[in-house]
Amino acid sequence: MAKRNIIVIGASTGGVEAFQQLIDRLPDHLDAAIFIVWHMAPTLRGVLPQLLSKFTTIPIAHAYNHEPLQTNRIYVAPPDHHMLVENGTIRITHGPKENRFRPAIDPLFRSAACAYGNRVIGVVLSGALDDGSAGLWTIKHHGGLALVQDPQEAHVAAMPENAIRMVAVDYILPVAELAAKLVQLAGQDVSDFPQISMEEDEKTKTEIRIAADETAQGLTIMEHGQSSRYACPECHGVLTQIREGSLSRFRCHTGHAYSSDTLLATITEKIEENLYGALRGVDESIVLLNQLGDQLAETNQPRQAAIYFQKAQEAHLRGEHIRQAIRTHEPLSLEKLTHPDTDVILNNLH
């Protein structure tokens, strides 16, 4: 029989501390391959393997493309690249961002589930918004196990909370107990893969090909959902809405993907950006109107000059309305709506 020996772990804000605590409690030899995705800026130097190697003797490094998969190894997604699992090998790609990140958690989880089915254990740790929930759902749908850090312990509870809300999670534990549970579960015998519908299997494979940067395949994602009224915040293409159980998420034909919560956060963040763009245009029109009015006054055309000055004053009043809208605008997410003190927590983390 096959062994449960593929462990995929994802985290965002607060994840480094959670990774350290988890790996520090693993034995020196574990009959499993461990894959880690941590949200990071594309320009950030990839230091996570060096940081985590202080807490374990298990070999740990950034994965490289087509690297053979081995047990008793920890593979870390390199900056600005997705990490995907195939049968026996690892893919490192520069596919479209998911939930505004590359690397993102969902592509790793999704690919592991497709390749290894019920041999997979998915783990969601501390982080904002809900990357990882869709991938964890796919792991469960393919017969794998879902583990989540106790939200009360997490530095930022949103990712664990959303995973618990959207997925039939098997275990919700503090990090110390998660490590013990992984040791207990790793190496257990598992039965054959559960049966997956042809449509569901094809959708998952299509999304894996998109993350693998096989962009022509992105056009077929429209066959697996319904066109929405929303435009992709990144490329402005029409977003296709995909439903999986209680999950609802979105992907455009070029490949960018968003959970509902990430889409809400991105749209409301861009409102402020657009308001500032409108304010810039108003301010520029005021400067130009006053300049033209001055030129008319200098050429002894006071009546025309007065019209320009009046329009500049009207534009100034409109600009004040826009400034007020900027002051009162609030970027939204499920986390902020359910936890009003989130901003205080996040500010303390920076």
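**Salt bridges and an annotated site**

By the rule used here, the count comes to 21 salt bridges, where a salt bridge is a side-chain nitrogen of Lys or Arg within 4 Å of a carboxyl oxygen of Asp or Glu. This is a predicted model, so to speak of local features takes pLDDT of at least 70 and side-chain atom pairs count only at pLDDT 80 or more, while totals for chains, interfaces and linings use all residues. Residues are numbered from 1 along each chain as its sequence is written, and side-chain values use heavy atoms, with hydrogens and water left out.

**Salt bridges**

- Arg100 pairs up with Glu269 in a salt bridge, with the closest N and O atoms 2.6 Å apart.
- That pair ties together distant parts of the chain, 169 residues apart: Arg100 sits in the loop between β8 (89-93) and α3 (105-116), and Glu269 in helix α8 (residues 260-298). Helices (H or I, at least four residues) and strands (E, at least two) are DSSP runs, numbered from the N terminus.
- Arg100 is partly exposed at 28% relative accessibility, and so is Glu269 at 37%. Buried means under 20% relative accessible area, exposed over 50%, and partly exposed in between (1.4 Å probe, protein chains only).
- Helix α7 (residues 198-211) holds both Lys203 and Glu200, 3 residues apart, or about one turn of the helix. They form a salt bridge with closest N and O atoms 3.1 Å apart, and both are buried.
- Lys205 and Asp201 also meet in a salt bridge (3.0 Å, N to O); they lie in helix α7, 4 residues apart. Lys205 is partly exposed at 33%, as is Asp201 at 22%.
- A network of salt bridges links Glu98, Arg110, Glu200, Lys203, Glu207, Glu244, Arg249 and Arg251.

**The annotated site**

- An unreviewed UniProt entry lists Ser12, His39 and Asp131 under "active site". They span 120 residues in sequence, yet no two of their C-alpha atoms are more than 9.5 Å apart, so they gather at one spot. UniProt positions follow the numbering used here, feature names are shortened, and annotations may be inferred rather than shown by experiment.
- Ser12 sits in the loop between β2 (6-11) and α1 (15-24) and is buried at 8% relative accessibility.
- His39, in the loop between β3 (33-38) and α2 (48-53), is buried at 8%.
- Leaving aside neighbours within four places in sequence, His39 is in contact (heavy atoms within 4.5 Å) with residues including Ser12 and Asp131.

**Helix α1**

- In α1, 7 of the 10 residues are buried, so this helix is largely enclosed by the rest of the structure.
- Its buried residues pack against β2, β3, α2, β6 (73-76), β10 (145-149) and α6 (175-185).
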